[in-house]
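Here is a friendly note to read with the structure open beside you. Take the points one by one and find each place in the viewer as you go.

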Amino acid sequence: MAERPMTTRKTPRISSRKQPKQARSNQLVSAVLEAAAQVLAKEGAQRFTTARVAERAGVSVGSLYQYFPNKAAILFRLQSDEWRQTTDLLSAILKDTAKPPHERLRTLVHAFVRSECDEAQMRVALNDAAPLYRDAPEAKQARANGERTLQAFMREVLPHTPRAARQRAGDLIGTTLSSVGKQFSESPRTAPEIKAYADAMSDMFLAYIERVGQR
């Protein structure tokens, strides 16, 4: 039996086909995204389809395709909106130089963990859908924006630390915050539990930064 030639898997197109310019178009896109979030939360990533989204939004599949070429584009839009909100939150807190760095980092950890818990169901579903878009250039660029903000903060708090060590510290903190926050939020949490966990994580990060700065 002859072997089939290997094919290279193409990266899905996740950019919107066009940007809405009129109020009616904006309303349609908003309705699609709201419906997509509902379908994703209810059905999960495996049963998420453009047909289900269009039906829930009350629009035709053809109208949906005017703005989103496939389901990967819809999912990426949901994810990129979440990334942008998180990045804006991170930037606003870390760039508030009126407060000392240790206070900003503690505030960031608390805000991030609360956010993870508040939107846990959607985040888990988006994580399940990530293979559809995570390797696309747009996804990599979105993640890089948040990483740059954190690295800028690390330059501020560790100005005399070698660049490689400083970047490693920033990567470790960012990865730990994201991974541990996701795992923690997968179970229902009370406000006192969230506060205690965020306090402990903040203490860990601050102790680590202090140690790196003393080397």
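1. **The overall picture.** Please keep in mind that this is a predicted model. The protein has nine helices and zero strands, so its pattern along the sequence is written α-α-α-α-α-α-α-α-α. Of the 215 residues, 39% are buried.

2. **H8 beside H9.** How do the axes of H8 and H9 cross? They come within 11 Å of each other, at an angle of roughly 165°. Angles over 145 degrees count as roughly antiparallel, and H8 and H9 are therefore roughly antiparallel to each other. The crossing of H8 past H9 is right-handed. On the H8 side, the residues in contact are Ala169, Leu172, Ile173, Thr176, Leu177, Val180 and Phe184. Their partners in H9 are Glu193, Ile194, Tyr197, Met201, Met204, Phe205, Tyr208, Ile209 and Val212. By type, this contact consists of 14 nonpolar residues, one polar and one charged.

3. How many aromatic pairs does a search of the whole structure find? The search gives one. Its members are phenylalanine 184 and tyrosine 197, whose rings are 3.9 Å apart centre to centre, with 15° between the planes. Planes under 30 degrees apart count as stacked, and this pair is stacked. Phenylalanine 184 belongs to helix H8 and tyrosine 197 to helix H9 (residues 191–214), so the pair ties together parts that are 13 residues apart in sequence.

4. **H5 against H8.** Helix H8 (residues 163–185) also meets helix H5 (residues 101–118): their axes come within 8 Å and cross at roughly 40°. That angle makes H5 oblique to H8. The crossing of H5 and H8 is right-handed. From H5, the residues taking part are Val109, Phe112, Val113, Glu116 and Cys117. From H8, they are Leu177, Ser178, Gly181, Lys182, Phe184 and Ser185. This contact of H5 with H8 has six nonpolar residues, three polar and two charged.

5. **H4 alongside H7.** Which way do H4 and H7 run relative to each other? The axes of H4 and helix H7 (residues 137–157) are 10 Å apart, and the helices pack at an angle of about 10°. Angles under 35 degrees count as roughly parallel, and H4 and H7 are therefore roughly parallel to each other. H4 brings Phe76, Trp83, Thr87, Leu90, Ser91 and Leu94 to this contact. H7 brings Glu138, Ala139, Ala142, Arg143, Asn145, Gly146, Thr149, Leu150, Phe153 and Glu156. These residues divide into eight nonpolar, five polar and three charged.

6. Glutamate 82 sits in helix H4 and is buried, with a relative accessible area of 11%. Leaving out residues up to four places away in sequence, glutamate 82 touches Glu119 and Arg123. Glutamine 151 is part of helix H7. With a relative accessible area of 13%, glutamine 151 is buried. Which residues does glutamine 151 touch, not counting those up to four places away in sequence? They are Arg166, Gln167, Gly170 and Asp171.

7. Where is proline 69 found? Its place is the loop between helix H3 (61–65) and helix H4 (71–94). Proline 69 counts as buried, at 13% relative accessibility. Its C-alpha atom is 9.5 Å from that of threonine 50, which is 19 residues away along the chain. Arginine 56 lies in helix H2 (residues 50–57) and, at 39% relative accessibility, counts as partly exposed. Arginine 56 and alanine 36 are 20 residues apart in sequence, with 8.0 Å between their C-alpha atoms. Not counting residues up to four places away in sequence, arginine 56 touches Ala35, Gln38, Val39 and Lys42.

Technical notes
Residues are numbered from 1 along each chain as its sequence is written. This is a predicted model: local features need pLDDT of at least 70, side-chain atom pairs count only at pLDDT 80 or more; totals for chains, interfaces and linings use all residues. Side-chain values use heavy atoms; hydrogens and water are left out. Axes are lines fitted to C-alpha atoms, for helices over the stretch in contact, and angles run from 0 to 180 degrees between N-to-C directions. Helices (H or I, at least four residues) and strands (E, at least two) are DSSP runs, numbered from the N terminus. Angles under 35 degrees count as roughly parallel, over 145 as roughly antiparallel, 65 to 115 as roughly perpendicular and the rest as oblique. A crossing is left-handed if the near helix is turned anticlockwise from the far one by less than a right angle, and right-handed if clockwise. Contact means heavy atoms within 4.5 Å. Ala, Val, Leu, Ile, Met, Phe, Trp, Tyr, Cys and Pro count as nonpolar, Asp, Glu, Lys and Arg as charged, and the others, Gly among them, as polar. Rings of Phe, Tyr and Trp (its six-membered ring) pair if their centres lie within 6.5 Å; planes under 30 degrees apart count as stacked, over 60 as edge-to-face and the rest as tilted. Buried means under 20% relative accessible area, exposed over 50%, partly exposed in between (1.4 Å probe, protein chains only).
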